[in-house]
Amino acid sequence: MSDTILSADETANAPLVRKRPIGLLFIAAPILLIVVFLFYPAIRSIFTTLYVKQADGSYAWSIAGYLYFFSDGYSLANLARTFWTTIVTMVLLIVVNLPIAMYLRFSRSPLAVFVQVLALFPMFVPGIVIVYALIRYMGPNGLLQTLLELVGITGFQSPYLTPWGPVIGMLWDAMPFTLLVLTAGMSGIATSAIEAAQDVGAGRLRILVSIIIPQIKNSLLIVTALNFLGLFGQAFMPFMLGPTSPEMMGPFMLRTFSTVRDPVQAATQATIVFAFCSVAGLAYVRSIARRRAAEVVK
Amino acid sequence: MVLRRREFLKGSAAIGLGGVATSLIGGTAFATEGVLDIFFNSDTNVIEFWSSAVKPAFEAANPGTTLNLVSGGGGASMNALSERAFAALQSGTDPQIDMMEAIGPYHPEGSIEAGLWVDFSTLGLSNMSKVNPAVIDNQWSLPYRGSQVVMMYNAEKVPTPPKTFEELIAWIKANPGQFAYARPDQGDSGACFIERALQEVTGRDESLFTNDNYTEDYANPMFEKLWVLLNDIAPSLYKGGEYTGGNTPSIQLLASGVISMTIAWSDMALVAMNEGVVPETTSVAQLQDLAFIGGYSSVLVPTVAANKDLSLKLADFLISPEVQNKVVSELGGFPSINWSEMSPELQEKFANVATTSIPTFPGPWESHLFDGWYRNVASNLTR
C-alpha cells in the first residue's frame, strides 16, 4: 500500500497534464465567486478580531479577544463540550454505518435494497421535524419510555436535554452521508481479493482487518474529516436537544452574536472554530489529493 | 421589545409579503364609499381571524359596507403607509387608509402633534368603558387583542395555582422536578420568567429598568441578587436545573406529563389547550401581585380617513364582547376589555388570568441579563 502511494506522489509531480488556458477560464467564475463571497468576508471577519476598537475609540492590533477566550473557563468548557460531542458522534457514526455498508456490499438478498432505502431515509426528513419528533419519541414519558415500560424495563433516563441528546440527533442526521461514502468505498473492493484470502484460510476478522479496512481507509478518512466539519459547527440540534450549559460552539457563537450582541467575540469564537476545522479540512484535501494521484497512476 | 417572538414571525412573513405590499403602496386605487381599507401588521392568522370573525358580522350589521383586509407586509411597509397617511393629512387628500393594525402612533415623527390619529379617549365609543384601563398604552391606540406570559399548569396536580411570585417560588421548591422554564434567549417565556424574578428581588419596582439606564455598576448588584434566587430554585427544577429550548418545548414537557407547571405565552397556551395537545386538566393563571410581561395589539384610525365614521363604528365593534369573546376562543388571544364583560363560560375558564397590570422590560438590559444567566445560573448544573 505504502509503495503505491510513494510512486503515486512521484507521478503526480511529473508534468503529465498539459496546461490549457481555456480550462482556467472555466474555473475563473466559480473561483471569483468563492473569493468574493467566501474568502473576502472571512478574512475581513478574522481581521476584525485582531484589529479592535480600544477604550479610547482608536483601533489597534490586539489579541485580547483570543486571550479572553482561552482564559475564560466558560468558553473553554463550551469548546471541550464541542470536542466531546463531535468525537463521540463521529465514532458512533462509523460504528453504526460500517456494518451496514459491509452488509450492503456483500449481501445479495433483496432485503439489502430495503435496508439501504431505510438508512438513507433521514436525508429526506428536515432537521426541525426530526428534532421535534425525537423530543416526543425519546423525551421523558415519550414513546420509547412507554415501550420499555411495557416490556418491564423501568428507570429510563431520557437523553433529552443531556449531552447525549445532540449526539443522537446528529447521528440520525449524518447517517445517510456517512453510509453513502462508506458504501462507495466498499464497492471498490474486489470480490476476488476476498475470495483469495478465504482460499488461503483467512477468517472473517482477518479479512476485515487486512483487506477491507486498508482498502476503505481513504473513505474512512474522508467521512471522518467531513463529519468533523459538519458536526463541530452544528447549532440547531445542540440547542434543541442538548443541555443549557456547557453549550456547543454553534449555539454559543449564535448567542454571543445575537443575544450578547458582541460581534467581535463571536467572530473570535468563529475564527477559533475555523482553526480547528481547518485541520480536518486539510486532512480531507490531502486524502483527495492522494486519491487523484493514485488515479493518475492507474 | 415585548413581543419579540411575534416580531420575528412578522419579520419572516414580511420577506414573503414585501413584494405584495410594495405593489399595494404604489397602487392608485381610490377609496370607495363604504369600502374600509384596513392594513395589518400582524400575521396571516390574525387576518384570517378578521375575515371569519369580524368581517361577516360587521358587514351584515352595516349593509353596503365592505372590509378590505390587506396585509401591510411588515414594519417597514407599515411605516411607509403611516407616512402616506401623514402626507395625505398635510395635503388634505384621501390617504386610502381607514384603519391600521398592530402599529404604534409614533411614526412618522410629529404625526401625533399634527393630529394624524384619532384620539379614542375623547370619542365616547359605546364600548370604551369596558376596556381594561391596564391595557391602554396611549389614547390613539385602541387595544383589541393581547398576549401575556402566564403560568401554564396541570390543574389535577396543582389545584390552587400560586397568586404571587413568592408563592410560585415556594411551590417550585415544594415540588422538585415539576417546574421548567425556557432558556431566556430561546423563548420569550423564559426571558419573562427571569425578568419577573429580577423585578421580584428588586422590590417589584418597574421604574428601576429603563431603556437607557443600564450600566454594569448599576445592574450588577441587582443581578447578584437574581442569581442567588435562581440558583436557589435550580435544584428543584426539571432534571435538577435543566431548561427547555424554547416556548414550544416547554409546552411539550407539560404535555408529556413530566412536569406540572411551566411558563408560556397565553396565545400558545390557549391554542394548545383548544387543540387538545395538552391534558384536559391544563389551565393557565396569572400572578396577581405583579403580572408577567405582556403586550397588546391595537388599531389606529387616521383622522383624514375617507370612511372615518365607519372606521370608528368598526373600532367600537372590535371592543364589543361579541368580538372579544372570539379573540379568546378563536384567536387564542387575550381580551382587551375587562373579564367581567366576557361570556360567563370564558370568565370561569380563565378566572385565574385576569390581570391588573401589564409590565414591560427594556430590551437594552436583556443581552447582559441573558449572558449573565448562562454564566451564573445555567452553568451550575452538576451531572
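Domain bounds come from an automatic or database domain assignment. The model is predicted: local features need pLDDT of at least 70, side-chain atom pairs count only at pLDDT 80 or more, and totals for chains, interfaces and linings use all residues. Residues are numbered from 1 along each chain as its sequence is written, and chains are lettered from A and ligands numbered from 1 in the order in which they are written.

**Exercise 1.** Describe how domain 1 and domain 2 of chain B are placed and joined.

*Solution.* Step 1: domain 1 covers 4–145 + 297–342, and domain 2 covers 146–293 + 358–380. Step 2: their centres, taken over C-alpha atoms, are separated by 32 Å. Step 3: 10 residues of domain 1 of chain B are in contact with 11 residues of domain 2 of chain B (C-beta atoms, placed from the backbone, within 7 Å). Step 4: on the domain 1 side, helix 1 (4–25) and strand 4 (142–154) of chain B each give two or more residues (DSSP runs, H or I of at least four residues for helices and E of at least two for strands, numbered from the N terminus).

**Exercise 2.** State which element of chain B gives the largest share of the side that touches chain A.

*Solution.* Step 1: 20 residues of chain B are in contact with 17 residues of chain A. Step 2: helix 7 (247–255) and helix 12 (363–376) of chain B give two or more residues each. Step 3: helix 12 of chain B, with 5 residues, provides the largest share.

**Exercise 3.** Explain why helix 13 of chain A is described as largely enclosed.

*Solution.* Step 1: a residue is buried if 20 or more other C-beta atoms, placed from the backbone, lie within 10 Å of its own, exposed if 12 or fewer, and partly exposed in between. Step 2: the buried residues include Phe252(A) and Arg255(A). Step 3: 7 of the 10 residues of helix 13 (residues 249–258) are buried, so the helix is largely enclosed by the rest of the structure.

Methods:
Contact = placed C-beta atoms within 7 Å.
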